[in-house]
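Open the model in a viewer and keep the selection panel at hand.

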Amino acid sequence: MAPISKECDFLVIGCGSGGLACARRASGQWGAKTIAVESNRLGGTCVNVGCVPKKVTWNAAAIAETLHEAASYGFQIKETAPFDFKTFKHKRDDYIRRLNNIYARNLSNDKVEYLHGRAHLLDKNSAEVTLDDGTRETIRAKNILIATGGHPNIPKNIPGAELGITSDGFFDLETLPKRVALVGAGYIAVEMAGMFHHLGSETHLFIRHETFLRTFDPMIQESIVDEYERQGIIIHRNSVQQKIEKLDGQPGWMRMHYTDKTAPDGSTIDLDCLLWAIGRSPEVEDLGLDKAGVKQDEHGHIVADDYQNTSVDNIYALGDVCGKVELTPVAIAAGRQLGNRLFGGPEFKDAKMDYENVPSVVFAHPEVGSIGLSEPDAVAKYGRENVKVYRTSFTAMYYAMMDPTEKAPTKYKVVCQGTDEKVVGMHILGAGSSEMLQGFGVAVKMGCRKRDLDSCVAIHPTSAEELVTMK
């Protein structure tokens, strides 16, 4: 059968957060004839194997943490059964399926035609889509957006690496591992290590250097490493993984050979779960970028400017496939702005995402929040003499009833520039940091000065008040 041919104003390849936002804005608000194509589940990484199920799991781990701490407040809680991970997992899956259905309804409500299949560019104005049943459709479009996201990496040079899973596989686990090793030093490894630990797994975190979260301010790096070790997470510094092999007679178990700071001559560890969190690559395989002339960088990411323009004048790209700021809200904001610019009329001709001062949070235990420049980056940009740093470290009141060994840290840092003390960086670690930073992020985005923080009356007793009372 010959391929069916369709035409549209806008073809969106990839229905993650950014692609969906852009497709819906183009069609639902501006009336552009839009076709959206997705080869996996609607919602992309964030909804299916990222932010959303991660936060649900973090909530479960936080509840486990609270139950442990309840005794300090006089509660005598007797556990009659272990945490039912399987039931929890299936309820989490049900929640994600509901979200998938909501996204499908939203596309329909905004009159976006949705095709489930794999798209391949034929040239700058057309793509071929292979549908689930094997049939093919050719789509001609005036404008094309590539928002295909990325996928987690598994090392290619370590024998047996395929025995491990990635963050995608984390959400497929039916049982909680007894002993888990996570390899990586970014936010995915750190978040999942905290969740595994508080839900009851013996947790080992293998990192290449002395600290993790190495793109964050040094205060964050040092404090969260110390806190994870205090909690009982076993950190293997300066580690190198050599090979992984199955254990005979122990289904599901494996042995990892490695070196680290304490075992430079080599050691082994037996595991029932190994999770690679060593980075992500753009989802560009078989997209046909070369046929359309779309340029990529040395890592395979599509090269796009702040307006999401690629090297081809009617092809655009946004989100993780560009490798710029790989956060869901960034992709959503960029998608909506691109939809406005392409289809919203002359008043939106300069609409674009502002990539400066984007707040981000790591759902570790405790939470970490950051916006703007780290202290070293501020010094490098403005000079030490033009940077002033305010910091505080204290014990949140929540821990007042607990033994000293049970108290988690709270640390804040505000980085200011110039005699006017413009706030160019804010870094916070402690309970409630995620909710706290959203509000303070608005202030930083608006260009607040230290005196603006000082002028705000503190809310007492809170941890957040420390950010407006720093000396």
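Which helix gives the most to the lining of the second largest pocket? Select H3: with seven residues, H3 gives the most to that lining. Helices are DSSP runs of H or I with at least four residues, strands are runs of E with at least two, and both are numbered from the N terminus.

The model is predicted, so local features need pLDDT of at least 70 and side-chain atom pairs count only at pLDDT 80 or more, while totals for chains, interfaces and linings use all residues. Residues are numbered from 1 along each chain as its sequence is written, and side-chain values use heavy atoms, leaving out hydrogens and water.

**The pocket.** Select Ala64, Glu65, Leu67, His68 and His198, which lie nearest the centre among the 26 lining residues. Helices H3 (51–69), H6 (187–199) and H7 (218–231) each supply at least two lining residues. A pocket here is an open set of points on a 1 Å grid over the protein atoms alone where a 1.4 Å probe fits, with protein on both sides within 12 Å along at least five of seven lines; lining residues have an atom within 4 Å of a point.

**Helix H11.** Next select residues 433–445, the 13 residues of H11. A kink of about 30° is centred on Gly439; the bend is the angle between axes fitted to the seven residues ending there and the seven starting there. Colour Ser433, Ser434, Met436, Leu437, Phe440, Gly441 and Val444, the buried residues of H11 (under 20% relative accessible area, 1.4 Å probe, protein chains only). Finish at Gly447, which follows H11 and has a positive phi near 85°.

Note on methods. Expected span 1.5 Å × (residues − 1). Buried < 20%, exposed > 50% of the residue type's maximum accessible area, 1.4 Å probe, protein only.
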